[in-house]
Amino acid sequence: MVFKNIFLYLTIFLFTFNAFAVETKTITIFGDKITESDAKQQANIIILTSEEIQRINPRDTYELLEMIPGINIKSYDRKNVTVNIGGFVGDKAGLNNVLMINGRKISNADMSSADLTLIPVDVIERVEVYLGSNSVLFGDRATGGVINIITKKPINNSFKIKTNAGSYGSYNAYAEGVLAGERYSFLLSGNKYGTQGYRDNSELYTGTINGEFTYYADRFDITFNGLYTDSTYGLPGALSLNEIATYGRKYTNRPNDGGHDYEWLSGVRVSYHIGSLGKIILDSQYKSRNRNYELWGNHNKDELKSNVNSIKYELGYNKNRYKNKLIAGIDIENYDLDTKSVNSLNKFLNKLERDILSFFVSDKVELDKFYIELGFRTSGLDDSYKSANESKNLSANAYNIGIGYSLTKNQNIYFRYDKSFRFPTTDEINEYSGLNTEITKQDTKTYEIGYKINYVNYYISASAYKQTSDNEIFTDPDFNWYSTGPANINLDTRKYVFNFNGGYDNKQVLIKASYNYIDSKLTEDGYNGKTVPLVSRHNVKATAGYRFENGVGLYYDFRYFSSYYKGNDYKNVDSKMGGYAISDVKVDFVTKNYELFLKVNNIFDKKYYDYVYGSGYYPSTARSFLAGISVKF
């Protein structure tokens, strides 16, 4: 591909180009696309720090995300989890946000969710969340929000080990070593995680190796990273109410379903500083995912290869009361997918290739107390379904405008308009019954207002937006396996979303709370005014804690989700599933070099379901215990 060659030539050119001395770098988030000042000004950006992650002590990455305001986790099992931001339809929610690791997309081209079990929670340094749409900076699928997981960076020579164990045969062992000098840093970590699971046939066993090496020169820095994970798992599936009443919540009617996956990521990132002329960033990531699993009597095997390259230019100016930050770039995405599904009656084979080429530019100007930002992206999709000898081409544009004002040094208010998009996944186009020629891209428009106050020990933020989606992509409510029409259709929707976050933290006392209101409706003929399934209207999350001077800490976490309509109930004819409240408690002892902790999740043993589709119920985990120790040298 011509753009891959351009990427290579530019890399060689940058290494040989004689430039000015490097200026002091500004700390940035979201892969250098949004600065820390943006996070302070905008109420829809949430940062979860390493200290906060330590307080939570989650058993895995999904449990960590579940604690973040504005995020709703819907779980089939520990392997298959949907991340919902902004009230998109539950079974498609994970396709309406972007998941990233260190600023790089890990979302898949098909309908499968990005597998965050490949990221051990102990590797994570912090999590950055953007609530709301922003396809200008993040491209396809950034209609509901963006989650960026930042892994630990090697700073000082150190060695760390951590182990924990708990209910349902769960265990976790983690080791990490760091070597660092004036010009280089190297981190290597390994993780082994396992659990028998709450339900029968819900086991998950995974091992991960992660490495990162960075070299710092006068004009540039270059980072190489790699991550490999291997997992085996069971798929317990859904239960009917009669099965639950007869056999209990832990039962499975699919004892043979499960599989073996292995996946690896590798990447290189070059940041070249050219003094007052800004900097150029070249980033390349390769991802390979291999799955081999049994499901409902079918043997499925697929291999997905992803190659994402970006060329980005940043120019910043800061003098007196005037600031300006310009970002422009090219994103080049390539996906190759080979799928094989076999049962006793037939065999389904599929081979396809997807290319997405995007150009974007964004500029933010700050003058005294005012700022204005403008952005534009254009993207083109080219799908080649080789097995069917078919193709599909789509294009989309995104743009935004934002205006902000600093009421005081620590208080900001802003208004924002955004147009974002989502392309159909390969599975939504190339269905089992053939190519879906009727499906098209989804366009989303968002009108937002926000307020944020941020002092040393406390903060308050609130944002509200109206969002309309033309041709939002849904599973056809009338589809069944005997249907001759497409399984995926476009429907129009409207959402009202309100996010509130507040907290106080002086390193000893911790109090924080969030409230999210989501009114998500269909506006399509035949469904007009109906509530989108699998979306709770009200969500409350809160944490209270105290750390004594001797290092002992006591913490209480609370989560509440209101009632919701079952999956596929687009006409709201069935009764709602009841809301549920979950409480976790934790006690720990922390010093400079080691930590001990004991945690009880769902302490009141609430029996609930965060995911129900039609007559199929997926029981959530009951009360569980987790205890562990961490030592750092």
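User: How many bridges pair β31 with strand β32, and in which sense?

Analyst: Six bridges, antiparallel; β32 covers residues 594-601. Strands here are DSSP runs of E, at least two residues, numbered from the N terminus. Two strands pair if DSSP finds at least two bridges between them. This is a predicted model: local features need pLDDT of at least 70, side-chain atom pairs count only at pLDDT 80 or more, and totals for chains, interfaces and linings use all residues. Residues are numbered from 1 along each chain as its sequence is written, and side-chain values use heavy atoms, with hydrogens and water left out.

User: How many residues sit between β31 and β32?

Analyst: Three, and the two strands form a hairpin.

User: Which strand does β31 join over 10 bridges?

Analyst: Strand β30, residues 552-561. β30 and β31 (residues 580-590) run antiparallel.

User: What are the partners of D588?

Analyst: D588 in β31 is the bridge partner of G553. D588 also stands opposite F597 in β32.

User: What is S583 in contact with, leaving aside neighbours within four places in sequence?

Analyst: Y556, D557, F558, V600, N601, N602, I603 and F604. Contact means heavy atoms within 4.5 Å.

User: New topic. Which residues form the nonpolar patch on the surface?

Analyst: L179, Y184, F186, L188, I209, F213, Y215, F224, Y228, Y262 and W264. Together they have about 1,000 Å² of accessible area. Areas come from the Shrake-Rupley method with a 1.4 Å probe; for residues, only the protein chains shown count as cover. Patch residues have over 30% relative accessible area and no salt bridge; nonpolar side chains (Val, Leu, Ile, Met, Phe, Trp, Tyr) are joined within 5 Å, like charges within 9 Å. A salt bridge is a side-chain nitrogen of Lys or Arg within 4 Å of a carboxyl oxygen of Asp or Glu.

User: Which strands each supply at least two residues of it?

Analyst: β12 (184-195), β13 (204-216), β14 (220-234) and β15 (258-273).

User: And F224, where does it lie?

Analyst: In strand β14. F224 is partly exposed, because its relative accessible area is 42%.

User: What's the strand order in the open sheet of five?

Analyst: β3-β8-β9-β6-β7, with mixed pairing. The edge strands are β3 (45-48) and β7 (104-105), each pairing on one side only.

User: In which sense do β6 and β9 pair?

Analyst: Parallel, over five bridges, with β6 at residues 97-101 and β9 at 145-151. M100 has N148 in β9 as its bridge partner.

Technical notes:
Helices (H or I, at least four residues) and strands (E, at least two) are DSSP runs, numbered from the N terminus. Buried means under 20% relative accessible area, exposed over 50%, partly exposed in between (1.4 Å probe, protein chains only).
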